[in-house]
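Dear colleague,

Please find below the structure that I am handing over to you. A summary of the findings follows it.

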Amino acid sequence: MHIRYRQTGMVILSLLLAAPMLHAQNMTANYDESKMPAYTLPDPLVTTEGIKIVTSKAWETVQRPRIYKLFEENVYGRFPLKKIPVKTSVVETDPAALGGIAVRKQVRLEWPDAPGSYLDLLIYLPAATKKPVPVFMGYNFYGNHTVMPDPGIALSRSWVQSNGKGVLNNAATEASRGTDTSQWQVRQILAAGYGLVTAYYSDIEADRADGWKTGIRTTLKDALQIQPEEWCAIGAWAWGLSRMMDYVQTDKAIDAKKVALIGHSRLGKTALWAAASDPRFSIVVSNESGEGGAALSKRWYGETLGIITTKFPHWFVAKYKTYSDKTELLPLDQHMLLSLIAPRPLYVASAEGDQWSDPHGEFLSAQQAGSVYALYGKKGVGEGQMPGVHQPVGSTIRYHIRAGRHDVTLYDWQQYLAFAASNWQKR
Ligand code: GTR
């Protein structure tokens, strides 16, 4: 009796001591691996009944749908599959853009169920090709006109984050043209024989806490039969990427079977969720997607679940935030999101100067997804340690860490272009 009392007392005492510790971990970014408490990752190949999945068929019919559902319920919400009418207008075409090396098209998608809604696509295709071309597809951060200093690109009229260059009162100005050119490397993409399809993510929902009120989560809620709180901004943006894919499938100049979806940072999180939800994206590139993207959430390193859900409450469903001070209870981790992309080629990239995104956590996540790829006879990043800077590793799952800050650089694009080329040639 006495012993039991003492034990209970000790449990209570350690709980009291642990509580502020957990809170500190929840809201503080740690950068010291030796301070990180041990964590356990769920095995994507073990069912809740403890059965080991050993075939790709069992993965696809039993385990994958369950894991996908875990992400819907806990992280990104439901992904609406209902088809709704869309109006597609080719607003402008220039067969000799960028000094003659590219065909430029600007296409507007509108949803008649939500008058005033639109998603503007900017498309560059190599001018010389006669065959349908493979493309990279991805959202940009500050409007299509930031991707190239090309005066033919319509200036975005959507709400823009105030930290963008040439942004005044949350609106783009002429001064913001071409300000994100280095992140897109359009000339390199074209030189490799590929095209680019990009759009501005805030056309779908402005990236701010109350963006849902004017975005498609509200304006299309009846048409899509989903309430705004049943999904989240990342979910809505991911849905928009699928609509871009719908368009691509109708454009005869593009090879829709060869679409590499790319996303940086929050848009990398979005790309991963879009690819998990839509199998038409045949290659996926996560550039420094970090917390809520490729990085493991159960690791206490860099941005935490508590920080991200406090700073960006609209990115995820409300339930995600409830794990802030108890990530050990999360029934999933982000390696399982990556595993949902199997067996499609997946590139996960980090930057040394971007510890906020937890490069090691991104590598480990990519590594852990390898067991699912192995069911298809595909090789991931292997069993080894994390590689040093500028030493890409892996096969169907590939990983690199480069020098420099949180960004998308020429080095990154060179790796992605080579990765896409080797995978597209195989087929
Ligand atoms: C940061 C956020 C990251 C990442 C980044 C970005 O503020 O904490 O998770 O998404 O923004 O999107 O640039």
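The notes below cover the ligand, the pocket and the cavity in turn.

This is a predicted model, in which local features need pLDDT of at least 70 and side-chain atom pairs count only at pLDDT 80 or more, while totals for chains, interfaces and linings use all residues. Residues are numbered from 1 along each chain as its sequence is written, and side-chain values use heavy atoms, with hydrogens and water left out.

Ligand site

Between ligand oxygen atoms and side-chain N or O atoms, the distance is 2.5 Å for Arg266, 2.5 Å for Glu303 and 3.4 Å for His406. On its own the ligand has 310 Å² of accessible area (Shrake-Rupley method, 1.4 Å probe), and the protein covers 85% of that area.

Largest pocket

A pocket is an open set of points on a 1 Å grid over the protein atoms alone, with protein on both sides within 12 Å along at least five of seven lines; lining residues have an atom within 4 Å of a point. The ligand takes up space that is the largest pocket, with more than half of its atoms within 2 Å of the grid points as the criterion. This pocket holds about 600 Å³, a volume being the space filled by probe spheres set on the points. Its lining has 28 residues, with Phe141, Tyr142, His264, Ser265 and His406 nearest the centre. The elements giving two or more residues to this lining are α3 (181–184) and α8.

Largest cavity

In a cavity, a 1.4 Å probe fits but cannot get out. One cavity of 30 Å³ or more was counted, and the largest cavity holds about 90 Å³. Among the residues lining the largest cavity are Phe141, His264 and Trp413. β8 (254–264) gives the most to this lining, with three residues.

Kind regards

Notes. A polar contact is a pair of N or O atoms within 3.5 Å; within protein, one must be able to donate a hydrogen and the other to accept it, and residues adjacent in sequence count only if both atoms are side-chain atoms. Helices (H or I, at least four residues) and strands (E, at least two) are DSSP runs, numbered from the N terminus.
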